[in-house]
Amino acid sequence: MRFGDITVAPGQIARAALPLINSPDGIPIDAPVIIVSGKRPGPRLWVQACIHGNEVGGTLALQRLVASLSPDALRGTLIAVMVLNVPAFRARSRESPIDHANLNRVFPGAPAGRFSDQMAHRIFAAAREHADAFLDLHSAGDAGRVPFYAIYHADGSAASRRARDMVECTGTPYLWASDARWLEGASFTLLTQQGIPATIVEVGGGEVTDEDLAMFERALRGTMAALDMTDERPAKQRSYTILRGSQMMQVRRGGILIPRARAGDILHEGQPLGDLVDPYGDVVETVTCPFPKGFVASMRRRGYVVHPGERVSIMLEVAGEEGARGDG
Ligand SMILES: [Zn+2]
């Protein structure tokens, strides 16, 4: 395959660069890419890490995956974007250090837009050119943890059903069938709407643990198996906990967070997620589960300092249990 100005022959592994944007010093910024071109034909899977610059677990997981893959045994091509949002990665920041935008909210981007819009525009064009399927790796960054779960855009289209099949093979029973308005500008949403099945896998945060990397590896290998890129059998769960509604758990009072639940817990309405204490140790606010049954999809760490209006967690509503539905 051709990627930028390099050609990768079947059976080869190559390092490549994805042009993102120019710098005012005149030096272009490229994302580092590894391409594993299988000996046999098959789909082209684009996997990216660090669209949020401080979510480095995905990068470490991709390093392990690439080191363990043999192009001889692979059908199709893995395009591994090791660090996508290079400016944010350099700043150890979730958002862009230049325009403070969240890169995963501004797709499909704009060629004459803000800094992040211009980057998104180029990334989106490259993904549409090179990807038959797409996987975006995330974590909670430095300020907390997310449980191991997967997300797809649930719009009933053929690409959405393929994406459902991909997430069913990731190794987690927790699937968010998203139609969230606030994810309208996310890359997985837009690509699915353009006919390219696209998913997100979320794992961990803070220190990247061996357990985190093992979960990422299951998700990566499961996704490749779902796409028939390897001889591994896709491992589906007996049933899935389907998550639908979402709520950002923003606080009214500032304070120091003392969590009372962990990422991945399932809570009932009114059950406490966490307390905010003031410097004297008095509880000034208790954040509670807003849904009849809610999944703690992220939790900031104990001792995190929160301003009014900032969030301490994302809660997802548990819609019910389902069997496999994907069309793979
Ligand atoms: Zn993220």
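Two strands pair if DSSP finds at least two bridges between them. Keep that rule in mind while walking through this predicted model.

Start with the overall division. The chain is split into domain 1 (2-239) and domain 2 (244-320). Their centres, taken over C-alpha atoms, are 28 Å apart. The two domains also touch: 12 residues of domain 1 are in contact with 12 residues of domain 2. On the domain 1 side, β8 and β9 each supply at least two of the touching residues. The largest share, five residues, comes from β8. By class, this side of domain 1 has nine nonpolar, two polar and one charged residues.

Now look at β8 itself. This strand covers residues 144-153. Is it covered or open? Strand β8 is mostly covered, with 10 of its 10 residues buried. Follow its partners one by one. Strand β10 (residues 198-204) runs antiparallel to β8, and five bridges join the two. Find Y149 in this pairing; it stands opposite E202 in β10. Strand β16 (residues 293-300) is also antiparallel to β8, joined to it by two bridges. Here G144 has R300 as its bridge partner.

Strand β9 (residues 174-178) pairs with β8 in the parallel sense, over four bridges. H153 stands opposite S178 in β9. How does the chain get from β8 to β9? The path goes through helix α4, and this β-α-β crossover is right-handed. Helix α4 spans residues 158-168. Nine of its 11 residues are buried, so the helix is largely enclosed by the rest of the structure. Among the buried ones are A159, R162, D165 and E168.

Next, move to β3 and β4. Strand β3 (residues 13-22) and strand β4 (residues 28-37) run antiparallel, joined by nine bridges. I21 stands opposite I29 in β4. The two strands form a hairpin with five residues between them. Look at G26 there: its phi is positive, near 90 degrees. Strand β4 has another antiparallel neighbour, β6 (residues 75-81), to which five bridges join it. In that pairing, the bridge partner of S37 is T77 in β6.

Leaving out residues up to four places away in sequence, V33 touches F3, A16, A17, L18, I79, A80, V81 and M82. V33 also belongs to the largest nonpolar core, which has 98 residues. Which residues have the most contacts inside this core? They are V33, L45, V47, V81 and F134. In soluble globular proteins, nonpolar side chains tend to be buried together. Both domain 1 (2-239) and domain 2 (244-320) give residues to the core, so it lies between them.

Finish with an open sheet. Four strands form it, in the order β15-β14-β12-β17, with antiparallel pairing. Which strands are at the edges? They are β15 (283-288) and β17 (305-306), and each pairs on one side only. Take the β14 and β15 pair as an example. Strand β14 (residues 272-277) and β15 are antiparallel and share five bridges. Within this pair, L276 has E285 of β15 as its bridge partner.

Notes:
Residues are numbered from 1 along each chain as its sequence is written. This is a predicted model: local features need pLDDT of at least 70, side-chain atom pairs count only at pLDDT 80 or more; totals for chains, interfaces and linings use all residues. A residue is buried if 20 or more other C-beta atoms lie within 10 Å of its own, exposed if 12 or fewer, and partly exposed in between; C-beta atoms are placed from the backbone. A crossover is right-handed if, with the strands pointing away from the viewer, the path from the first strand over the helix to the second runs clockwise. Domain bounds come from an automatic or database domain assignment. Two residues are in contact if their C-beta atoms, placed from the backbone, lie within 7 Å. Ala, Val, Leu, Ile, Met, Phe, Trp, Tyr, Cys and Pro count as nonpolar, Asp, Glu, Lys and Arg as charged, and the others, Gly among them, as polar. A nonpolar core is a set of buried Ala, Val, Leu, Ile, Met, Phe, Trp, Tyr and Cys residues joined through C-beta atoms within 7 Å.
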